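Subject: Structure handover and findings

Dear colleague,

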Amino acid sequence: VEKVLSYTRTSEDNRRMGDYFSFSGTWQDGAILVCEANNNAPRVYEFAVKDGVVNQTPTTIPLNEEARSLKSGTAGVFHYKHDIYVITSEGSAPLVVKREGGNMNLVAQLDLSVFNGGKDLRTPKFVTLNGKEYMVGIVGTYKNNNMEGTATLFVMPITDGDIVASVAAATRENCLIKDIENCAAGNGFAGLDVIQKGQTLYIGYGVRAGELGLIKFRNE
């Protein structure tokens with residue numbers, strides 16, 4: 001085990017972060033992304049990675065007030081492509097934001113209720129198969145700091161690079177769905193990761209006090 005990043009903020013800027021790490025690009029040339037988790041917390045941090053070395057001083061990217069007002073705790077930020085990112089948070093529907101002028105500005109809040117009425121998105125992944133883009137994610141429902149009911153793992157097509165329009169057009173029929181039942185649990189549910197080999201996705205997922213599994217998706 002090699003520690004590649006250590007970052008501590010001063011007490012006067014002591015907001016929680018690090019609930020969800022994400023990566024953009026590659027380990028040789030990319031970035032580590034993390035979002036402050038408190039309600040209305042205003043910042044995203046980007047730690048650049050160059051030649052496999054992590055810059056210990058992050059670029060700080062403020063969220064605009066509109067985006068801040070819509071997020072809540074236990075937050076993560078995930079790069080889609082170009083200047084578009086998705087911010088997830090516990091108890092609030094995910095946000096699409098655009099990086100411009102040194103800030104993260106709100107584009108839209110996503111309604112994922114088509115998936116069993118859930119709104120809490122966890123660890124979305126973005127992949128391309130046979131020239132078609134997809135978002136893979138798990139969505140569930142929190143109530144009183146507990147997850148309840150059925151979580152849904154989905155593979156959703158992204159049309160014309162437009163996440164907002166693609167979510168608005170999503171149905172249980174035009175997405176690939178894996179329902180994970182009886183997910184009542186204490187605060188938190190895990191999420192997923194994706195390994196792509198050729199035109200096949202191996203999607204590993206887990207739900208706290210629920211189900212752990214691996215499914216395979218191949219786009220023909």
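A residue is called buried when its relative accessible area is under 20%, exposed when it is over 50%, and partly exposed in between, with a 1.4 Å probe and protein chains only. The model is predicted, so local features need pLDDT of at least 70 and side-chain atom pairs count only at pLDDT 80 or more, while totals for chains, interfaces and linings use all residues. Residues are numbered from 1 along each chain as its sequence is written, and side-chain values use heavy atoms, with hydrogens and water left out.

Overall form

The protein contains 2 helices and 16 strands; these are DSSP runs numbered from the N terminus, with helices being H or I of at least four residues and strands being E of at least two. Its radius of gyration is 17 Å, which agrees with the value near 17 Å for a compact globule of 220 residues. That radius is taken over C-alpha atoms, and the globule rule is 2.2 Å times the number of residues to the power 0.38. The C-alpha trace spans about 45 × 40 × 35 Å along its principal axes.

Of the 220 residues, 45% count as buried. The protein exposes about 10,700 Å², of which carbon and sulfur atoms supply 46%; accessible areas come from the Shrake-Rupley method with a 1.4 Å probe, and for residues only the protein chains shown count as cover. Where contacts (heavy atoms within 4.5 Å) link residues at least 6 apart in sequence, 49% of them join residues at least 24 apart.

The four-stranded sheet

Strands pair through backbone hydrogen bonds, either parallel or antiparallel. Here two strands are taken to pair if DSSP finds at least two bridges between them. On that basis, 4 strands form an open, antiparallel sheet in the order S6-S7-S8-S9. Strand S6 (76–81) and S9 are at the edges with a single partner strand each, so one side of each has no neighbour in the sheet. From one strand to the next the twist averages 35°; the axes behind such angles are lines fitted to C-alpha atoms, for helices over the stretch in contact, and the angles run from 0 to 180 degrees between N-to-C directions.

The loop between S6 and S7 contains His-82, a residue with a positive phi of about 55° although it is not a glycine. His-82 counts as exposed, at 67% relative accessibility.

Strand S7 (residues 84–89) and strand S8 (residues 92–100) also pair antiparallel, over 5 bridges, with Tyr-85 opposite Val-97 in S8. Their hairpin has 2 residues between the strands, and Gly-91 takes a positive phi near 90° there. S8 is in turn joined to strand S9 (residues 103–109) by 6 antiparallel bridges, and Val-96 has Ala-108 in S9 as its bridge partner. In this hairpin, again with 2 residues between the strands, Gly-101 has a positive phi near 60°.

The three-stranded sheet

A further open sheet has 3 strands in the order S14-S15-S16, with antiparallel pairing. Its edge strands, S14 (191–197) and S16 (212–218), each pair on one side only, and the twist averages 20° from one strand to the next. Strand S15 (residues 200–206) is joined to S16 by 7 bridges, and Tyr-205 stands opposite Gly-213 in S16.

Individual residues

Ile-61 lies in strand S5 (residues 59–62) and is buried, with a relative accessible area of 1%. Leaving aside residues up to four places away in sequence, Ile-61 touches Pro-42, Arg-43, Val-44, Glu-46, Arg-99, Gly-102, Asn-103 and Met-104.

Asp-51 is found in the loop between strand S3 (43–50) and strand S4 (53–54). Asp-51 has a positive phi of about 55° although it is not a glycine, and is exposed, with a relative accessible area of 58%. Most residues other than glycine have a negative phi.

Finally, the cysteines: with a disulfide taken as a pair of cysteine sulfur atoms within 2.5 Å, the count comes to 0 disulfides. Cys-35 counts as buried at 0% relative accessibility, and Cys-175 counts as buried at 6%.

With kind regards
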